[in-house]
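I opened a new notebook page for this structure. My entries follow the order in which I looked things up.

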Amino acid sequence: MRAEQSRGRRYPEPPHPYRSAYARDRDRIIHSRAFRRLEAKTQVFTTRYSDHFRNRLTHTLEVAQIARTVAAALGLNTELVEALALVHDIGHPPFGHAGERKLDELMRARGGSFNHNLHALRIVEQFEQRYLDFPGLNLTFEVREGIIKHSRDYSAAEFPQLAEYLLDLHPPLEAQLIDWVDEIAYNTADLDDALEAELLDLAAFRGEVSFFGEIYSQVDGAHRGAREKLIFNEALKRVLDALATDLIESTQERVLAGGASSMESIRHAPMRLAGFSDAAAAQNRDLKRFLFSHIYSHPAVAEDRDRSVKCLEELFIYYLGREGSMPVTYEELAQMELRHVIVCDYIAGMTDQFLLRQHEHFGDVGHGESATPR
């Protein structure tokens, strides 16, 4: 996707003298408040374990690093890929996917829904207020399209508000890559953090995920007597490299086999062209299966997650039932839109610790009318 062929911005701007449109988008994302807040949002492990674990921001940087490498190897637009990688999680609420599921549950009970990609679009279109000439960040069409379409397709009948985003066509390869790179980044990083948290049974992991076990044995055999952690690091590095290499090669093969030679042919292809080979996809599923069965469901992780999500739910109910309980700006918005939508927007933008402080400040909000602000 060439910047000079972009469909442009919602509010036209003159070109910058030495930055492409996608480079400007990348820079606007990095300087946004929502991007900075990612530093204080959970990836998987809280600071209860260590200050060294990934948070949503460091995960985003790792995704961007891998995405640039893959895109460069494929001859794609690395500035567009970087912008999409940096913005891909900007709509995540506190407490990771568990927080997203709870917000969605709360919204569905009231006839709505919550999706972090759609919320990210609201952030860059409405909530970020930095410029005199337009609301939001005024990002290019391709970045806004990639925010919502990088991981799934949308039905025009079900999502008429997204009609402008060519819902019957695939996004550019730069956007298609992001979801795969995201999986490479978090599968390997979550295993690394799990070992640091002493929640990963390495022997069980080697036994259940055979391709990792084979790589580990190769490294161990070549480095007899080395520290177990360093052997693990090297094996995990080789796993990441193998998945990234497969993504590059498999995507290239599909593009060539499909005869896709232009952006329009990518958009009109029968299926998305970026992705793993069948073998690598199976290996990636094995990693995810192990993480879900042994790490994400681990009692220590689940305890933190469930307690935090309970606070989110109680705070949502508190704000919903108490006019004047949110900041003035949000209370004014609640006079123009459904209150539960604005409550959701406010909570989704919170960092983990800010939400917990708000919950503590307003007392035991789970007891309805008995809860009063201090």
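**Ground rules.** I am reading a predicted model, where local features need pLDDT of at least 70, side-chain atom pairs count only at pLDDT 80 or more, and totals for chains, interfaces and linings use all residues. Residues are numbered from 1 along each chain as its sequence is written, and side-chain values use heavy atoms, without hydrogens and water.

**Confidence.** I looked up pLDDT, the predictor's confidence in each residue from 0 to 100. The chain has a mean of 91, and 95% of its residues reach 70 or more. Over residues 366-374 pLDDT stays under 50.

**Cores.** I searched for nonpolar cores (buried Ala, Val, Leu, Ile, Met, Phe, Trp, Tyr and Cys residues joined through side-chain atoms within 4.5 Å). Buried means under 20% relative accessible area, with a 1.4 Å probe and protein chains only. The largest core has 90 residues, and Phe 205, Phe 212 and Phe 232 touch the most other members. Helix α8 (residues 173-196) gives the largest share, 11 residues. Another core, of 25 residues, lies apart and includes Met 326 and Phe 362.

**Helix α10.** Helices are DSSP runs (H or I, at least four residues), numbered from the N terminus. I found six names on the buried list of α10: Phe 211, Phe 212, Gly 213, Ile 215, Tyr 216 and Val 219. They pack against α9, α11 and α13. Contact means heavy atoms within 4.5 Å. Beyond four places in sequence, the contacts of Phe 212 include Phe 205 and Phe 232.

**Cysteines.** I counted zero disulfides, taking a disulfide as two cysteine sulfur atoms within 2.5 Å. Cys 344 is buried at 2%, and Cys 311 is buried at 12%.

Notes: Buried means under 20% relative accessible area, exposed over 50%, partly exposed in between (1.4 Å probe, protein chains only). Helices (H or I, at least four residues) and strands (E, at least two) are DSSP runs, numbered from the N terminus.
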